[in-house]
Amino acid sequence: MTLVDDRPSTLRTVQLELTGRCPLACQHCLTSSSPTTAHGSMTPADWLDVVDQVAAAGTPTVQLIGGEPTASPAFGRVLERALGLGRQVEVFSNLHFPAQLWPVLDRPGVTLATSYYDTDPTVHDRVTGRAGSHARTRARIVEALARHVPIRVEIIEVIDGQNLDATRAELLGLGLPADRIHVDRTRLVGRAAGGEAFDPGELCGRCGHGKAAVLPDGTLAPCVMARALAAGDVRTAPLAELLTREVWRAAVAAVPPRASSGCSPDDSACGPDSEACGPDYPEVGA
């Protein structure tokens, strides 16, 4: 097996992890989010400043992620600022948000992403740690499609008993295009690592190339999954400066390039402009 390092150096997506709070407690959560986890120390003003910097750098896409990003006090203002500055915005949500958010989410320039684990409600709810989450998520996927809100769905293999083929077939039957359904294995980071030391080999190989992430405490990292590879704090230095420092270059270099035999193109933290080794996710509004 050979390794190739053809990763782009220009940022196409910046992930903003707005909060660590989430109503679910998924077994494989990359951030170890939960209903009791704090939002983080970044203020709404801090997040708006980062969005301004992202736009000034010409980065086309902002991904709002968590935790559950819609639970963040900064969510509405960050989304509005990003759209106002001409950015495309992907909201990676568990879809357990108030119905009042639909008018915001169905605006031009906004797409949704979510995770769906099984056709069997018992299996899905076992993964998420919350009874009833399957019904809510499935209903919201159906509603997004009915509203013509662009949405992509990640199917992550987490536990024994999941039927990935049947789950994909169900999503296709609901009307989700095949190129907006992606399957991945559990990445052993965050809660899924079970306390084991961080292993960069668990990453998809694209972190830091075409992508960067800002975590709830202001930490810059090559990706939300590569959160252990801290590369500075956006509250103490401009993003553009942090990206030129040796600590950023070292963080990116710590991520093994992908194998030429192919990796999953479906890292659940990837954005709509992911450069994972498969086709790009659909453009916003497509």
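Which residue takes a positive phi just after α4? G129 does, at about 75°.

## Model and conventions

This is a predicted model, in which local features need pLDDT of at least 70, side-chain atom pairs count only at pLDDT 80 or more, and totals for chains, interfaces and linings use all residues. Residues are numbered from 1 along each chain as its sequence is written, and side-chain values use heavy atoms, with hydrogens and water left out.

## Overall make-up

The protein has eight helices and eight strands. Both are DSSP runs numbered from the N terminus: helices are H or I with at least four residues, strands are E with at least two. Of the 286 residues, 53% are buried (under 20% relative accessible area, with exposed over 50% and partly exposed in between; 1.4 Å probe, protein chains only).

Residues 24 or more positions apart account for 69% of them.

## Helix α4

Helix α4 covers residues 121–128, and its buried residues are V123, H124, D125, V127 and T128. They pack against β4 (110–115) and α5 (133–146). At the start of the helix, a side-chain oxygen of D120 comes to within 2.8 Å of the backbone nitrogen of T122. That falls under the polar contact rule: a pair of N or O atoms within 3.5 Å, where within protein one must be able to donate a hydrogen and the other to accept it, and residues adjacent in sequence count only if both atoms are side-chain atoms.

T128 also lies in α4. T128 counts as buried because its relative accessibility is 1%. A polar atom of its side chain is 3.3 Å from the backbone oxygen of D125. Beyond four places in sequence, T128 is in contact with L24, A25, C26, Y117 and S133.

## Nonpolar cores

A nonpolar core is a set of buried Ala, Val, Leu, Ile, Met, Phe, Trp, Tyr and Cys residues joined through side-chain atoms within 4.5 Å. The largest has 64 residues, and L16, L64, V78, L105 and L112 have the most contacts inside it. Apart from this core lies another, of nine residues, among them C22, V123, V127 and I159.

V123 belongs to helix α4. V123 is buried because its relative accessible area is 14%. V123 and I159 are 36 residues apart in sequence, yet 8.5 Å apart in space, C-alpha to C-alpha. Not counting residues up to four places away in sequence, V123 touches D118, I159, G161 and Q162.

## Cavities and pockets

The search runs on a 1 Å grid over the protein atoms alone. A cavity is a set of points where a 1.4 Å probe fits but cannot get out; a pocket is an open set with protein on both sides within 12 Å along at least five of seven lines; lining residues have an atom within 4 Å of a point. Points are joined across faces, edges and corners, and a volume is the space filled by probe spheres set on them. Three cavities reach 30 Å³ or more.

The largest cavity holds about 430 Å³. Its lining has 29 residues, with C26, H28, F92, S115 and Y117 nearest its centre. β4, α4 and β6 (181–185) each supply at least two lining residues. The second largest pocket has a volume of about 150 Å³. Its lining includes T10, L11, Q53 and P238. α1 (44–56) and α7 (239–242) each give at least two residues to that lining.

Definitions and conventions: Contact means heavy atoms within 4.5 Å.
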